[in-house]
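Subject: Structure handover

Hello,

Here is the structure I promised to pass on. Please open it first, then read my notes beside it.

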Amino acid sequence: TIFADMEALFVQLMADVAEYVPTMLVEEGVNEEHLAVITEIMTNSGYAALDSITVMNVPADENFGYIAGLSGNEGIEICTSVTHMMMTTPYSMVVVTLAEGTDAQTVVEDFKNSIDWGKWVCVNPSAATVATKDNMVLCLIGLDELYFGTASAIESTGWTVAETLTNPNM
C-alpha cells in the first residue's frame, strides 16, 4: 500500500540523517569556574531546546547593565552571560563572582530590582530565579518550559534559591 511505501521511505531517510549534537559556543577567555557551573546546570536541565547557546564574558563597559541585568558592576569581580541563540526566545542566565567584601544579598536585590522583563521585543519571559552559591550569584530568566528545565537544575547542582519571580506584565 501507499502508506507502507511512505513509511519505508521515511525510515530510510531518517537512517541517513546524522545524529544531532547540541551546540554551546563559548567565547575565548570565559572564566573556567563559571563555565563548569553553566555546563553542569545545562547538562542537568534535560531540556533539549537549550541546544544552541552562547557563553560570553560580560565586560564592565556601557553595555554591562543591559547584558548582566544589573544596575552596575560595583562589587562584581567576574560576570558571564548565557544566551539562547534563538533570538525570539527570552532566555538568559548570568553568573557573577563577587568581589571580596561584597554582600551576596545586595547583588540578589540588584538582580531582583533590575530585571528588564521587556528586554526581548517579540516575547516576554514568564519567570526569573536568583540563586547563590559560595561567592557567586546567578540570575536565570526565561519563558515557560525553557525556563523551568534550567531552573530545576539550579537547586540540584547545589545553588540556594534566594528569589523566584514571576513576570508582573503577564
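Two strands count as a pair if DSSP finds at least two bridges between them. Keep that in mind for strand S5 (residues 127-133) and S6, which pair in the antiparallel sense over seven bridges. One more thing before the rest: this is a predicted model.

**The sheet**

Seven strands make up an open sheet. Their order is S1-S2-S3-S4-S6-S5-S7, and the pairing is mixed. Strand S1 (23-26) and strand S7 (160-166) are the edge strands, each pairing on one side only. On average, neighbouring strands in this sheet are turned by 15° against each other, direction ignored.

Helix H2 (residues 32-45) packs on the sheet. Helix H2 touches S1, strand S2 (52-57), S3, S4 and strand S6 (136-142). The direction of H2 makes about 140° with that of S4.

Now the pairs. Strand S3 (residues 76-84) and strand S4 (residues 91-98) run antiparallel, joined by seven bridges. Look for Ile 78, which stands opposite Thr 97 in S4. S4 is also joined to S6 by seven bridges, and these two run antiparallel. There, Met 93 has Leu 140 in S6 as its bridge partner.

**Strand S6**

How many of the residues of S6 are buried? Seven of its seven. Met 136, Leu 138, Leu 140 and Gly 142 point one way from the strand. Val 137, Cys 139 and Ile 141 point the other way. Residues on both sides are buried.

**The S5-S6 hairpin**

S5 and S6 form a hairpin, with two residues between them. Ala 127 has Gly 142 in S6 as its bridge partner. Two residues here deserve a look.

Start with Thr 129, which sits in strand S5. Is Thr 129 buried or exposed? Its relative accessible area is 3%. The cut-off for buried is under 20%, so Thr 129 is buried. Leaving out residues up to four places away in sequence, Thr 129 touches Leu 138, Cys 139, Leu 140, Tyr 147, Ala 151, Ile 154, Val 161, Glu 163 and Thr 164.

Next comes Asp 134, in the loop between S5 and S6. Its relative accessibility is 72%. Exposed means over 50%, so Asp 134 counts as exposed. Check its backbone too: phi is near 55°, a positive value in a residue other than glycine.

**The cavity**

Rolling a probe the size of a water molecule over the atoms shows where empty space is left. For this model, the count comes to one cavity of 30 Å³ or more. About 140 Å³ of space lies in the largest cavity.

Which residues lie nearest the centre of the largest cavity? They are Ala 68, Gly 69, Ser 92, Lys 119 and Ile 141, out of 13 residues in the lining. Helix H3 (64-68), S4 and S6 are the elements that give two or more residues to this lining. H3 gives the most, with three residues. By class, the lining has nine nonpolar, two polar and two charged residues.

**Where to start**

Then go to the turn of the hairpin and find Asp 134.

Best wishes

Definitions and conventions: Residues are numbered from 1 along each chain as its sequence is written. This is a predicted model: local features need pLDDT of at least 70, side-chain atom pairs count only at pLDDT 80 or more; totals for chains, interfaces and linings use all residues. Side-chain values use heavy atoms; hydrogens and water are left out. Helices (H or I, at least four residues) and strands (E, at least two) are DSSP runs, numbered from the N terminus. Axes are lines fitted to C-alpha atoms, for helices over the stretch in contact, and angles run from 0 to 180 degrees between N-to-C directions. Contact means heavy atoms within 4.5 Å. On a 1 Å grid over the protein atoms alone, a cavity is a set of points where a 1.4 Å probe fits but cannot get out, and a pocket is an open set with protein on both sides within 12 Å along at least five of seven lines; lining residues have an atom within 4 Å of a point. Grid points are joined across faces, edges and corners, and a volume is the space filled by probe spheres set on the points. Ala, Val, Leu, Ile, Met, Phe, Trp, Tyr, Cys and Pro count as nonpolar, Asp, Glu, Lys and Arg as charged, and the others, Gly among them, as polar. Buried means under 20% relative accessible area, exposed over 50%, partly exposed in between (1.4 Å probe, protein chains only).
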